[in-house]
Amino acid sequence: MLKLDFHPAGRHFLQIPGPSPVPDRILRAVSYPTIDHRGPEFGALGLQVLSGIKKIFKTEQPVVIYPASGTGAWEAALTNTLSPGDHVVMYETGHFATLWKKMAEALGLKTEFLGLPGIEGWRRGVQAQMIEERLRQDTTHQIKAVCVVHNETSTGVTSNIAAVRQAIDAAGHPALLMVDTISGLASADYRHDEWGVDVTVSGSQKGLMLPPGISFNAVSQKAIAASKTAKLPKAFWGWEDIIAMNATGYWPYTPSTNLLFGLAEALDMIMGEGLDNTFARHQRLADACRQAVKAWGLEIQCVDTEAYSPVLTGVMMPEGIDADAVRKIIYQNFDMSLGAGLGKMKGKMFRIGHLGEANDLTLMATLTGCEMGLQLAGVKLAGSGVQAAMTALMRNKSPERMVA
Ligand code: PLP
(Lines give C-alpha, C1' and ligand atoms only; values in the text may rest on other atoms or scores of the structure.)
Protein backbone atom coordinates (compact mmCIF):
# COMPACT_ATOMS: atom_id res chain seq x y z
CA MET A 1 0.00 0.00 0.00
CA LEU A 2 1.09 3.54 -0.73
CA LYS A 3 2.00 5.22 2.58
CA LEU A 4 0.26 8.59 2.85
CA ASP A 5 1.07 9.40 6.47
CA PHE A 6 1.64 13.08 5.68
CA HIS A 7 -2.10 13.69 5.15
CA PRO A 8 -3.36 12.89 8.61
CA ALA A 9 -7.03 13.94 8.62
CA GLY A 10 -9.56 15.40 6.23
CA ARG A 11 -8.92 15.99 2.57
CA HIS A 12 -5.73 17.42 1.22
CA PHE A 13 -6.41 20.79 -0.41
CA LEU A 14 -4.98 20.46 -3.91
CA GLN A 15 -5.11 24.11 -4.94
CA ILE A 16 -2.43 24.04 -7.60
CA PRO A 17 -3.60 25.05 -11.08
CA GLY A 18 -3.75 21.47 -12.15
CA PRO A 19 -3.82 18.63 -11.59
CA SER A 20 -7.05 19.80 -9.98
CA PRO A 21 -9.09 17.85 -7.42
CA VAL A 22 -10.83 14.86 -9.01
CA PRO A 23 -14.53 14.67 -8.07
CA ASP A 24 -15.75 11.45 -6.41
CA ARG A 25 -18.02 10.74 -9.40
CA ILE A 26 -15.01 10.69 -11.69
CA LEU A 27 -12.85 8.68 -9.27
CA ARG A 28 -15.61 6.05 -9.14
CA ALA A 29 -15.88 5.94 -12.92
CA VAL A 30 -12.11 5.54 -13.27
CA SER A 31 -12.27 2.58 -10.87
CA TYR A 32 -14.67 0.54 -13.07
CA PRO A 33 -13.15 -2.79 -14.13
CA THR A 34 -10.98 -2.36 -17.22
CA ILE A 35 -12.69 -3.70 -20.37
CA ASP A 36 -11.41 -5.14 -23.63
CA HIS A 37 -10.31 -2.19 -25.76
CA ARG A 38 -11.19 -4.20 -28.90
CA GLY A 39 -14.59 -5.30 -27.62
CA PRO A 40 -18.05 -3.88 -28.44
CA GLU A 41 -18.51 -2.06 -25.13
CA PHE A 42 -15.32 -0.12 -25.70
CA GLY A 43 -16.36 0.97 -29.20
CA ALA A 44 -19.49 2.57 -27.73
CA LEU A 45 -17.43 4.33 -25.04
CA GLY A 46 -14.93 5.54 -27.65
CA LEU A 47 -17.64 7.02 -29.85
CA GLN A 48 -19.29 8.64 -26.84
CA VAL A 49 -16.17 10.45 -25.61
CA LEU A 50 -14.89 11.36 -29.08
CA SER A 51 -18.19 13.01 -29.88
CA GLY A 52 -18.68 14.55 -26.40
CA ILE A 53 -15.26 16.17 -26.25
CA LYS A 54 -15.98 18.11 -29.46
CA LYS A 55 -18.60 20.13 -27.60
CA ILE A 56 -15.99 21.25 -25.07
CA PHE A 57 -13.58 22.38 -27.80
CA LYS A 58 -16.56 23.82 -29.74
CA THR A 59 -15.55 22.02 -32.89
CA GLU A 60 -17.04 19.78 -35.55
CA GLN A 61 -13.55 18.61 -36.52
CA PRO A 62 -11.73 15.53 -35.18
CA VAL A 63 -10.30 15.62 -31.65
CA VAL A 64 -7.45 13.16 -31.16
CA ILE A 65 -7.14 11.71 -27.64
CA TYR A 66 -3.68 10.51 -26.59
CA PRO A 67 -2.74 8.35 -23.61
CA ALA A 68 -0.15 10.98 -22.65
CA SER A 69 0.33 14.15 -20.65
CA GLY A 70 -0.09 17.57 -22.25
CA THR A 71 3.56 17.68 -23.27
CA GLY A 72 2.93 14.75 -25.60
CA ALA A 73 0.06 16.61 -27.26
CA TRP A 74 2.38 19.63 -27.75
CA GLU A 75 4.79 17.34 -29.60
CA ALA A 76 1.94 15.84 -31.62
CA ALA A 77 0.80 19.30 -32.76
CA LEU A 78 4.27 20.17 -34.04
CA THR A 79 5.33 16.84 -35.54
CA ASN A 80 2.08 16.28 -37.41
CA THR A 81 2.13 19.60 -39.22
CA LEU A 82 5.72 20.79 -39.67
CA SER A 83 8.99 19.81 -41.35
CA PRO A 84 12.60 20.07 -40.13
CA GLY A 85 13.85 23.67 -40.26
CA ASP A 86 10.38 25.20 -40.58
CA HIS A 87 10.14 28.70 -39.12
CA VAL A 88 7.70 28.96 -36.22
CA VAL A 89 6.67 32.15 -34.40
CA MET A 90 5.86 31.61 -30.74
CA TYR A 91 4.80 34.15 -28.13
CA GLU A 92 6.36 34.40 -24.68
CA THR A 93 3.57 34.64 -22.12
CA GLY A 94 5.37 32.65 -19.42
CA HIS A 95 7.03 29.40 -18.45
CA PHE A 96 4.83 27.06 -20.49
CA ALA A 97 5.21 29.10 -23.68
CA THR A 98 8.96 28.90 -23.03
CA LEU A 99 8.87 25.12 -22.62
CA TRP A 100 6.88 24.67 -25.82
CA LYS A 101 9.49 26.74 -27.67
CA LYS A 102 12.28 24.62 -26.19
CA MET A 103 10.51 21.54 -27.48
CA ALA A 104 10.11 23.04 -30.96
CA GLU A 105 13.86 23.70 -31.03
CA ALA A 106 14.62 20.17 -29.85
CA LEU A 107 12.51 18.88 -32.73
CA GLY A 108 14.60 20.81 -35.26
CA LEU A 109 12.29 23.76 -35.91
CA LYS A 110 13.56 27.32 -36.28
CA THR A 111 11.82 29.28 -33.56
CA GLU A 112 11.31 32.98 -33.00
CA PHE A 113 9.96 34.35 -29.73
CA LEU A 114 7.79 37.47 -29.77
CA GLY A 115 6.78 39.24 -26.59
CA LEU A 116 7.11 42.28 -24.38
CA PRO A 117 10.54 42.67 -22.80
CA GLY A 118 11.50 41.24 -19.39
CA ILE A 119 8.91 40.33 -16.84
CA GLU A 120 6.33 42.66 -18.44
CA GLY A 121 5.58 39.97 -21.02
CA TRP A 122 4.73 37.57 -18.22
CA ARG A 123 2.11 39.95 -16.81
CA ARG A 124 0.02 40.51 -19.95
CA GLY A 125 -1.58 38.36 -22.62
CA VAL A 126 -0.48 37.98 -26.23
CA GLN A 127 -0.18 41.38 -27.97
CA ALA A 128 -1.82 40.36 -31.23
CA GLN A 129 -0.56 43.41 -33.13
CA MET A 130 3.02 42.18 -32.64
CA ILE A 131 2.07 38.98 -34.43
CA GLU A 132 0.37 40.92 -37.20
CA GLU A 133 3.41 43.18 -37.70
CA ARG A 134 5.77 40.20 -37.80
CA LEU A 135 3.64 38.31 -40.30
CA ARG A 136 3.32 41.37 -42.55
CA GLN A 137 7.13 41.46 -42.80
CA ASP A 138 7.17 37.83 -43.93
CA THR A 139 6.16 38.48 -47.52
CA THR A 140 7.56 35.15 -48.76
CA HIS A 141 5.61 33.18 -46.15
CA GLN A 142 8.57 31.48 -44.51
CA ILE A 143 6.68 31.35 -41.20
CA LYS A 144 4.72 28.12 -41.12
CA ALA A 145 3.00 28.38 -37.74
CA VAL A 146 2.10 30.77 -34.94
CA CYS A 147 1.97 29.13 -31.49
CA VAL A 148 0.39 30.76 -28.45
CA VAL A 149 -0.74 29.69 -24.98
CA HIS A 150 -4.37 30.51 -24.22
CA ASN A 151 -4.22 30.27 -20.42
CA GLU A 152 -0.63 30.67 -19.18
CA THR A 153 -0.66 28.47 -16.08
CA SER A 154 2.61 29.91 -14.80
CA THR A 155 1.19 33.42 -14.47
CA GLY A 156 -2.62 33.43 -14.47
CA VAL A 157 -2.86 35.40 -17.70
CA THR A 158 -5.32 34.50 -20.46
CA SER A 159 -4.83 35.56 -24.08
CA ASN A 160 -7.38 36.64 -26.63
CA ILE A 161 -7.22 33.93 -29.29
CA ALA A 162 -9.85 35.55 -31.53
CA ALA A 163 -7.54 38.61 -31.71
CA VAL A 164 -4.62 36.39 -32.73
CA ARG A 165 -6.75 34.88 -35.50
CA GLN A 166 -7.71 38.38 -36.66
CA ALA A 167 -4.05 39.42 -36.63
CA ILE A 168 -3.08 36.49 -38.87
CA ASP A 169 -5.98 37.23 -41.23
CA ALA A 170 -5.24 40.97 -41.29
CA ALA A 171 -1.69 40.16 -42.39
CA GLY A 172 -3.12 37.84 -45.07
CA HIS A 173 -0.70 35.16 -43.89
CA PRO A 174 -1.23 31.39 -44.37
CA ALA A 175 0.60 30.28 -41.18
CA LEU A 176 -1.11 27.63 -39.08
CA LEU A 177 -2.46 28.79 -35.70
CA MET A 178 -1.65 26.43 -32.84
CA VAL A 179 -3.00 27.08 -29.36
CA ASP A 180 -2.20 25.47 -26.01
CA THR A 181 -5.31 25.53 -23.83
CA ILE A 182 -4.08 22.77 -21.55
CA SER A 183 -5.21 24.69 -18.48
CA GLY A 184 -7.97 26.73 -20.09
CA LEU A 185 -10.25 24.08 -21.56
CA ALA A 186 -13.59 23.59 -19.77
CA SER A 187 -12.82 26.50 -17.42
CA ALA A 188 -12.50 29.41 -19.84
CA ASP A 189 -14.57 29.88 -22.99
CA TYR A 190 -12.80 28.30 -25.94
CA ARG A 191 -13.93 28.12 -29.59
CA HIS A 192 -11.71 26.00 -31.82
CA ASP A 193 -13.81 26.38 -34.98
CA GLU A 194 -15.02 29.96 -34.57
CA TRP A 195 -11.52 31.23 -33.79
CA GLY A 196 -10.06 29.37 -36.75
CA VAL A 197 -7.52 27.45 -34.69
CA ASP A 198 -5.65 24.75 -36.64
CA VAL A 199 -4.41 22.68 -33.71
CA THR A 200 -5.65 23.07 -30.15
CA VAL A 201 -3.66 21.24 -27.49
CA SER A 202 -5.21 20.32 -24.16
CA GLY A 203 -4.97 17.92 -21.24
CA SER A 204 -7.12 16.02 -18.81
CA GLN A 205 -5.95 17.19 -15.40
CA LYS A 206 -7.23 20.76 -15.27
CA GLY A 207 -10.74 21.94 -16.15
CA LEU A 208 -11.82 18.46 -17.17
CA MET A 209 -11.21 17.35 -13.56
CA LEU A 210 -9.63 14.03 -14.56
CA PRO A 211 -6.40 12.60 -13.21
CA PRO A 212 -3.37 13.37 -15.39
CA GLY A 213 -2.79 11.00 -18.29
CA ILE A 214 -4.77 11.91 -21.39
CA SER A 215 -4.29 14.84 -23.73
CA PHE A 216 -5.83 16.19 -26.89
CA ASN A 217 -5.25 17.65 -30.33
CA ALA A 218 -8.31 19.28 -31.86
CA VAL A 219 -7.43 19.73 -35.52
CA SER A 220 -8.67 21.70 -38.53
CA GLN A 221 -8.94 20.49 -42.12
CA LYS A 222 -6.01 22.80 -42.91
CA ALA A 223 -3.92 21.08 -40.22
CA ILE A 224 -4.88 17.67 -41.59
CA ALA A 225 -3.86 18.80 -45.08
CA ALA A 226 -0.51 20.01 -43.67
CA SER A 227 0.00 16.64 -41.99
CA LYS A 228 0.00 14.92 -45.39
CA THR A 229 3.27 16.62 -46.38
CA ALA A 230 4.87 17.38 -42.98
CA LYS A 231 8.27 15.70 -42.65
CA LEU A 232 9.11 15.78 -38.94
CA PRO A 233 9.35 12.17 -37.77
CA LYS A 234 6.20 10.91 -36.06
CA ALA A 235 4.89 7.45 -35.26
CA PHE A 236 2.96 7.23 -32.00
CA TRP A 237 1.67 10.80 -32.48
CA GLY A 238 0.58 10.41 -36.12
CA TRP A 239 -3.02 11.59 -36.57
CA GLU A 240 -3.83 9.57 -39.67
CA ASP A 241 -4.15 6.09 -38.17
CA ILE A 242 -5.78 7.36 -35.00
CA ILE A 243 -8.43 9.42 -36.80
CA ALA A 244 -9.15 6.51 -39.16
CA MET A 245 -9.68 4.04 -36.31
CA ASN A 246 -11.54 6.58 -34.15
CA ALA A 247 -14.32 6.49 -36.77
CA THR A 248 -15.52 3.25 -35.17
CA GLY A 249 -14.59 4.21 -31.59
CA TYR A 250 -11.23 2.43 -31.39
CA TRP A 251 -7.53 3.32 -31.25
CA PRO A 252 -4.56 1.79 -33.10
CA TYR A 253 -3.02 0.93 -29.71
CA THR A 254 -4.21 0.44 -26.15
CA PRO A 255 -5.93 3.64 -25.02
CA SER A 256 -6.26 4.76 -21.37
CA THR A 257 -9.48 2.83 -20.93
CA ASN A 258 -10.14 3.83 -17.33
CA LEU A 259 -9.39 7.50 -17.90
CA LEU A 260 -11.86 7.39 -20.77
CA PHE A 261 -14.50 6.10 -18.32
CA GLY A 262 -13.60 9.16 -16.28
CA LEU A 263 -13.81 11.41 -19.34
CA ALA A 264 -17.33 10.18 -20.10
CA GLU A 265 -18.32 11.06 -16.53
CA ALA A 266 -16.59 14.47 -16.68
CA LEU A 267 -18.39 15.34 -19.92
CA ASP A 268 -21.67 14.38 -18.30
CA MET A 269 -20.94 16.61 -15.31
CA ILE A 270 -19.83 19.60 -17.38
CA MET A 271 -22.69 19.40 -19.86
CA GLY A 272 -25.07 18.84 -16.92
CA GLU A 273 -23.94 22.12 -15.36
CA GLY A 274 -23.87 23.74 -18.80
CA LEU A 275 -20.69 25.10 -20.38
CA ASP A 276 -21.69 28.73 -19.89
CA ASN A 277 -22.57 28.12 -16.24
CA THR A 278 -19.22 26.38 -15.77
CA PHE A 279 -17.40 29.41 -17.22
CA ALA A 280 -19.47 31.83 -15.11
CA ARG A 281 -18.69 29.84 -11.94
CA HIS A 282 -14.98 30.04 -12.71
CA GLN A 283 -15.20 33.81 -13.35
CA ARG A 284 -17.08 34.39 -10.12
CA LEU A 285 -14.60 32.42 -8.00
CA ALA A 286 -11.65 34.06 -9.74
CA ASP A 287 -13.10 37.49 -9.06
CA ALA A 288 -13.55 36.68 -5.35
CA CYS A 289 -9.98 35.37 -5.20
CA ARG A 290 -8.65 38.59 -6.73
CA GLN A 291 -10.65 40.65 -4.23
CA ALA A 292 -8.90 38.69 -1.48
CA VAL A 293 -5.44 39.37 -2.92
CA LYS A 294 -6.22 43.08 -3.23
CA ALA A 295 -7.51 43.24 0.35
CA TRP A 296 -4.28 41.61 1.57
CA GLY A 297 -2.51 44.49 -0.14
CA LEU A 298 -0.59 42.11 -2.40
CA GLU A 299 -0.08 42.37 -6.14
CA ILE A 300 -1.75 40.13 -8.70
CA GLN A 301 0.74 38.84 -11.27
CA CYS A 302 -1.56 39.69 -14.18
CA VAL A 303 -1.72 43.47 -14.68
CA ASP A 304 -4.29 43.53 -17.49
CA THR A 305 -7.84 43.22 -16.14
CA GLU A 306 -9.01 41.93 -19.54
CA ALA A 307 -6.51 39.07 -19.26
CA TYR A 308 -7.31 37.88 -15.73
CA SER A 309 -7.46 34.09 -15.72
CA PRO A 310 -10.61 32.33 -14.51
CA VAL A 311 -8.43 29.31 -13.70
CA LEU A 312 -5.80 30.60 -11.30
CA THR A 313 -4.53 33.73 -9.62
CA GLY A 314 -0.82 34.51 -9.36
CA VAL A 315 0.02 36.28 -6.08
CA MET A 316 3.25 38.28 -5.94
CA MET A 317 5.16 38.40 -2.69
CA PRO A 318 6.52 41.64 -1.23
CA GLU A 319 10.26 42.28 -1.58
CA GLY A 320 12.26 40.03 0.77
CA ILE A 321 9.58 37.32 1.14
CA ASP A 322 10.32 33.93 -0.38
CA ALA A 323 7.08 32.63 -1.90
CA ASP A 324 8.30 29.04 -1.63
CA ALA A 325 8.81 29.46 2.12
CA VAL A 326 5.21 30.73 2.41
CA ARG A 327 3.95 27.77 0.39
CA LYS A 328 5.89 25.40 2.65
CA ILE A 329 4.35 26.91 5.81
CA ILE A 330 0.87 26.57 4.29
CA TYR A 331 1.53 22.99 3.24
CA GLN A 332 2.92 21.94 6.62
CA ASN A 333 0.30 23.68 8.73
CA PHE A 334 -2.85 23.37 6.66
CA ASP A 335 -2.23 20.44 4.32
CA MET A 336 -2.77 22.61 1.25
CA SER A 337 -0.71 22.65 -1.95
CA LEU A 338 -0.36 25.91 -3.88
CA GLY A 339 1.41 26.37 -7.21
CA ALA A 340 5.03 27.55 -7.13
CA GLY A 341 6.43 30.44 -9.11
CA LEU A 342 8.02 28.94 -12.24
CA GLY A 343 10.98 30.00 -14.35
CA LYS A 344 11.53 33.76 -14.09
CA MET A 345 8.98 33.94 -11.25
CA LYS A 346 10.55 31.27 -9.02
CA GLY A 347 10.29 32.28 -5.37
CA LYS A 348 8.56 35.54 -6.27
CA MET A 349 4.95 34.40 -6.39
CA PHE A 350 2.60 31.56 -5.62
CA ARG A 351 -0.40 30.47 -7.64
CA ILE A 352 -3.89 29.73 -6.31
CA GLY A 353 -5.86 27.29 -8.46
CA HIS A 354 -9.65 27.78 -8.52
CA LEU A 355 -10.57 25.46 -11.37
CA GLY A 356 -12.61 22.37 -12.04
CA GLU A 357 -14.28 20.95 -8.94
CA ALA A 358 -14.37 24.31 -7.15
CA ASN A 359 -17.14 26.10 -5.31
CA ASP A 360 -17.62 28.97 -2.87
CA LEU A 361 -16.54 27.02 0.18
CA THR A 362 -13.54 25.34 -1.39
CA LEU A 363 -12.37 28.82 -2.42
CA MET A 364 -13.06 30.24 1.06
CA ALA A 365 -11.14 27.42 2.73
CA THR A 366 -8.28 27.95 0.32
CA LEU A 367 -8.14 31.67 0.99
CA THR A 368 -8.35 31.06 4.75
CA GLY A 369 -5.34 28.74 4.50
CA CYS A 370 -3.49 31.38 2.49
CA GLU A 371 -4.35 34.17 4.92
CA MET A 372 -3.25 32.18 7.97
CA GLY A 373 -0.10 31.01 6.20
CA LEU A 374 0.84 34.51 5.04
CA GLN A 375 0.50 35.75 8.61
CA LEU A 376 2.56 32.85 9.97
CA ALA A 377 5.21 33.71 7.38
CA GLY A 378 5.34 37.26 8.69
CA VAL A 379 3.82 38.92 5.63
CA LYS A 380 2.22 42.24 6.62
CA LEU A 381 -1.34 42.16 5.30
CA ALA A 382 -3.35 45.31 4.70
CA GLY A 383 -6.63 43.62 5.60
CA SER A 384 -8.62 40.39 5.48
CA GLY A 385 -8.77 38.81 2.06
CA VAL A 386 -11.16 36.20 3.45
CA GLN A 387 -13.68 38.89 4.37
CA ALA A 388 -13.26 40.59 0.99
CA ALA A 389 -13.84 37.31 -0.85
CA MET A 390 -16.95 36.54 1.20
CA THR A 391 -18.31 39.99 0.37
CA ALA A 392 -17.57 39.45 -3.34
CA LEU A 393 -19.24 36.03 -3.36
CA MET A 394 -22.33 37.37 -1.62
CA ARG A 395 -22.49 40.32 -4.00
CA ASN A 396 -22.21 38.11 -7.07
CA LYS A 397 -24.56 35.40 -5.96
CA SER A 398 -24.60 32.27 -8.05
CA PRO A 399 -28.22 32.40 -9.30
CA GLU A 400 -28.96 28.68 -9.38
CA ARG A 401 -27.16 27.85 -6.14
CA MET A 402 -28.09 30.56 -3.68
CA VAL A 403 -31.43 31.14 -2.06
CA ALA A 404 -31.84 34.50 -0.37
N1 PLP B 1 1.04 23.86 -21.14
C2 PLP B 1 0.41 24.40 -20.08
C3 PLP B 1 -0.26 25.72 -20.23
C4 PLP B 1 0.40 23.73 -18.86
O5 PLP B 1 -0.22 24.24 -17.81
C6 PLP B 1 1.07 22.48 -18.75
C7 PLP B 1 1.10 21.76 -17.47
O8 PLP B 1 0.77 22.27 -16.43
C9 PLP B 1 1.70 21.96 -19.87
C10 PLP B 1 1.66 22.67 -21.04
C11 PLP B 1 2.42 20.64 -19.83
O12 PLP B 1 1.46 19.63 -19.66
P13 PLP B 1 1.81 18.26 -18.92
O14 PLP B 1 2.46 18.63 -17.61
O15 PLP B 1 0.47 17.59 -18.77
O16 PLP B 1 2.72 17.50 -19.79
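In this predicted model, the structure holds 1 cavity of 30 Å³ or more. The space inside the largest cavity comes to about 30 Å³.

Let me turn to what surrounds that space. The lining of the largest cavity is made up of T155, G156, R290, I300, C302, Y308, S309, L312, T313 and G314. Sorted by class, this lining comprises 4 nonpolar, 5 polar and 1 charged residues. Strand 12 supplies the largest share of the lining, with 3 residues.

Strand 12 leads us to the sheet. The sheet is open and has 5 strands, in the order 1-13-14-12-11, and its pairing is mixed. Strand 1, residues 13-15, and strand 11, residues 299-300, stand at the edges; each has a single partner strand, so one side of each is left without a neighbour in the sheet.

How, then, is strand 11 joined to strand 12: in the parallel or the antiparallel sense? Strand 11 pairs with strand 12, residues 312-316, in the antiparallel sense, over 2 bridges. As for E299, its bridge partner in strand 12 is M316.

Two helices complete the description. Helix 11, residues 323-334, packs on the sheet and touches strand 13, residues 336-340, as well as strand 14, residues 349-353. The direction of helix 11 makes about 165° with that of strand 13. Helix 12, residues 360-376, also packs on the sheet, where it touches strand 1, strand 13 and strand 14. Between the direction of helix 12 and that of strand 14, the angle is about 160°.

How values were computed: Residues numbered from 1 in each chain as written. Predicted model: local features only at pLDDT ≥ 70, side-chain atom pairs only at ≥ 80, totals over all residues. Heavy atoms only, no water. Pairing = 2+ DSSP bridges. Helix = DSSP H or I, 4+ residues; strand = E, 2+ residues; numbered from the N terminus. Contact = heavy atoms within 4.5 Å. Axes fitted to C-alpha atoms, helices over the stretch in contact; angles between N-to-C directions. 1 Å grid on protein atoms, 1.4 Å probe; cavity = no way out; pocket = protein on both sides within 12 Å on 5 of 7 lines; lining within 4 Å. Points joined across faces, edges and corners; volume = space filled by probe spheres on them. Nonpolar A, V, L, I, M, F, W, Y, C, P; charged D, E, K, R; others polar.
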